[in-house]
Amino acid sequence: MGKPELDLRCYFVTGQGDDIVERARAAAAGGAGVVQVRSKPISARDLYNLARDVAEAVHEVNPKTQVLIDDRVDVALALRDHGIAGVHVGQDDLDVKVARDLLGPDAIIGLTTGTMELVQAANAYKDVIDYIGCGPFRDTPTKDSGRPPLGFGGYPPLVAAAQVPLVAIGDVTVDDAYHLALAGVDGLAIVRGIMHADNSQDYCERVVAEFERGQTDRAKALP
């Protein structure tokens with residue numbers, strides 16, 4: 001079958017709410033290339049049911065959108081035949097090599113980073129992981145990583161050091177998309193902007209458009 005194509009430009013990480021499935025459906029319709037199902041605190045059973053419903057809804061409108069599970073490799077493994085493409089793990093979760101062995105060569109695996117040390121350490125697994133999340137871009141109430149915010153200026157050296165695609169995360173909004181693309185990141189992970197948007201489909205369409213505009217201008221500026 002082969003590993004699916006990965007479009008990181010607009011990467012929706014689900015938050016808290018009663019409308020997660022519908023938000024995910026709208027995000028996929030708007031061009032979100034990845035939906036990561038993250039809803040904490042939640043039991044494994046509830047996460048399984050939620051992720052299954054998200055995958056079904058997402059693939060009804062956009063079969064190319066990849067649905068990942070946050071942290072729980074066991075749940076991702078249980079849903080591999082139900083539209084789940086892989087997992088995103090943190091530094092304290094199951095080792096990425098073990099995750100790869102369990103999920104197989106065609107699964108998508110992402111790893112959380114956010115400092116030069118962590119990015120360089122992730123390079124040792126460039127043949128195991130598919131991308132790294134890197135943040136926080138700015139402080140966010142969604143997740144306290146304990147790391148200082150990177151801001152726009154923090155990303156260029158990390159992008160240069162990374163040997164896998166790098167996704168910015170941490171209170172990223174559509175208004176940041178252009179300048180983060182100029183900074184060289186490969187994608188944007190967004191939680192609250194999409195969860196709280198009046199129209200999540202429209203919001204994601206704008207993220208993709210602004211990110212592409214930034215990529216175009218970055219390419220023009222490169223020697």
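Where is the place of aspartate 171? In this predicted model, aspartate 171 is found in the loop between β7 (166-169) and α7 (177-182), and its phi is positive, at about 60 degrees, although the residue is not a glycine. Aspartate 171 counts as partly exposed because its relative accessibility is 23%. A positive phi of about 75 degrees is also found at aspartate 71, again not a glycine, and this residue is placed in the loop between β3 (66-70) and α3 (73-78). Most residues other than glycine have a negative phi, and most peptide bonds are trans.

Cis peptide bonds occur in the loops as well. Lysine 40 and proline 41 are joined by a cis peptide bond with an omega of about -10 degrees, proline 41 being located in the loop between β2 and α2. A cis bond likewise connects glycine 135 to proline 136, here with an omega of about 10 degrees, and proline 136 belongs to the loop between β6 (131-134) and α6 (155-161).

Helix α1 (residues 20-29) packs against helix α9 (residues 200-221) at an angle of about 40 degrees, the axes lying 7 Å apart, and the two helices are therefore oblique to each other. Their crossing is right-handed, and the contact is formed by Arg23, Ala26, Ala27 and Ala29 from α1 together with Ser200, Gln201, Cys204 and Glu205 from α9. Classified by residue type, this contact of α1 with α9 comprises four nonpolar, two polar and two charged residues.

Helix α1 also packs with helix α2 (residues 44-61), at an angle of about 30 degrees and with the axes 8 Å apart; because angles under 35 degrees count as roughly parallel, α1 and α2 are placed in that class. The crossing of α1 and α2 is right-handed. On the α1 side, Ile20, Val21, Ala24, Arg25, Ala28 and Ala29 take part, meeting Leu50, Asp53, Val54, Ala57, Val58, Glu60 and Val61 of α2, and by class the contact of α1 with α2 holds 10 nonpolar, no polar and three charged residues.

Within strand β2 (residues 34-37) lies glutamine 36, which counts as buried because its relative accessibility is 3%. The side chain of glutamine 36 makes a polar contact, at 2.8 Å, with the side chain of tyrosine 11. When neighbours within four places in sequence are left aside, the residues in contact with glutamine 36 are Tyr11, Phe12, Val13, Thr14, Leu68, Ile69, Asp70 and His88.

How values were computed: Residues numbered from 1 in each chain as written. Predicted model: local features only at pLDDT ≥ 70, side-chain atom pairs only at ≥ 80, totals over all residues. Heavy atoms only, no water. Axes fitted to C-alpha atoms, helices over the stretch in contact; angles between N-to-C directions. Helix = DSSP H or I, 4+ residues; strand = E, 2+ residues; numbered from the N terminus. Parallel < 35°, antiparallel > 145°, perpendicular 65-115°, else oblique. Left-handed = near helix turned anticlockwise from the far one by under 90°. Contact = heavy atoms within 4.5 Å. Nonpolar A, V, L, I, M, F, W, Y, C, P; charged D, E, K, R; others polar. Buried < 20%, exposed > 50% of the residue type's maximum accessible area, 1.4 Å probe, protein only. Polar contact = N/O pair within 3.5 Å; in protein donor to acceptor, adjacent residues only side chain to side chain.
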